[in-house]
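Here is a briefing for a reader who is meeting this structure for the first time. Please look over the sequence and the model before going on to the notes that follow.

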Amino acid sequence: MDVEGDPEVLEEIEMPRPFINRRVGGRPNSSYFKPAGVRMKDLQEINLSLDEFESIRLIDFLNLPQEEAGKKMEISQPTLSRILKSARNKISDAIINGKAININNLEKKYEVLSDDDLKSEFLAL
């Protein structure tokens with residue numbers, strides 16, 4: 001069977017888009033948060049990626065519009081919106097259900113800005 005020219009077969013074997021490096025404004029001061037009074041062995045944990053952390057930092061903490069935050073992270077606004085929704089869902093789950101939050105990179109590639117870069121970007125706001 002010749003599949004080279006068959007468009008139906010080509011649609012079935014499409015490759016996913018490659019992961020694009022994300023730009024984040026540094027690492028959080030603390031990377032682990034847990035509810036007080038709950039022992040570690042009894043604790044469920046959620047993982048918040050650095051890009052989810054950065055979306056929360058830019059939009060909810062610095063009050064940037066999504067378009068501007070997307071430009072700073074070098075991603076599209078729809079992609080940023082999906083990342084932000086995921087971050088908010090995870091954080092609300094942790095708060096409501098008493099789970100720990102672990103902020104990590106989850107094997108993704110990030111461009112982490114230096115302190116000088118962060119200061120210059122913050123002053124430009």
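Glu54 and Arg57 are both buried, where buried means under 20% relative accessible area, exposed means over 50%, and partly exposed lies in between (1.4 Å probe, protein chains only). This is a predicted model, in which local features need pLDDT of at least 70 and side-chain atom pairs count only at pLDDT 80 or more, while totals for chains, interfaces and linings use all residues. Residues are numbered from 1 along each chain as its sequence is written, and side-chain values use heavy atoms, with hydrogens and water left out.

**Salt bridges**

- The count comes to five salt bridges, each being a side-chain nitrogen of Lys or Arg within 4 Å of a carboxyl oxygen of Asp or Glu.
- One of them joins the side chains of Glu54 and Arg57 at 2.8 Å, N to O; because these residues are three apart in helix α2, about one helical turn separates them.
- Another joins Arg88 and Asp60 at 2.5 Å, N to O, and since Arg88 lies in helix α4 and Asp60 in helix α2, this pair ties together parts that are 28 residues apart in sequence.
- Asp60 is partly exposed at 36% relative accessible area, and Arg88 is also partly exposed, at 38%.
- Asp42 and Arg39 form a further salt bridge, with their closest N and O atoms 3.0 Å apart; Asp42 is partly exposed at 47%, whereas Arg39 is exposed at 52%.

- Helices (H or I, at least four residues) and strands (E, at least two) are DSSP runs, numbered from the N terminus, and α2 covers residues 50–61.
- Helix α2 is mostly covered, with 10 of its 12 residues buried, including Phe53, Ile56 and Leu58.

**Strand β4**

- Asn102 belongs to strand β4 (residues 100–104) and counts as buried because its relative accessibility is 17%.
- Setting aside neighbours within four places in sequence, Asn102 is in contact (heavy atoms within 4.5 Å) with residues including Ser31, Tyr32 and Leu48.
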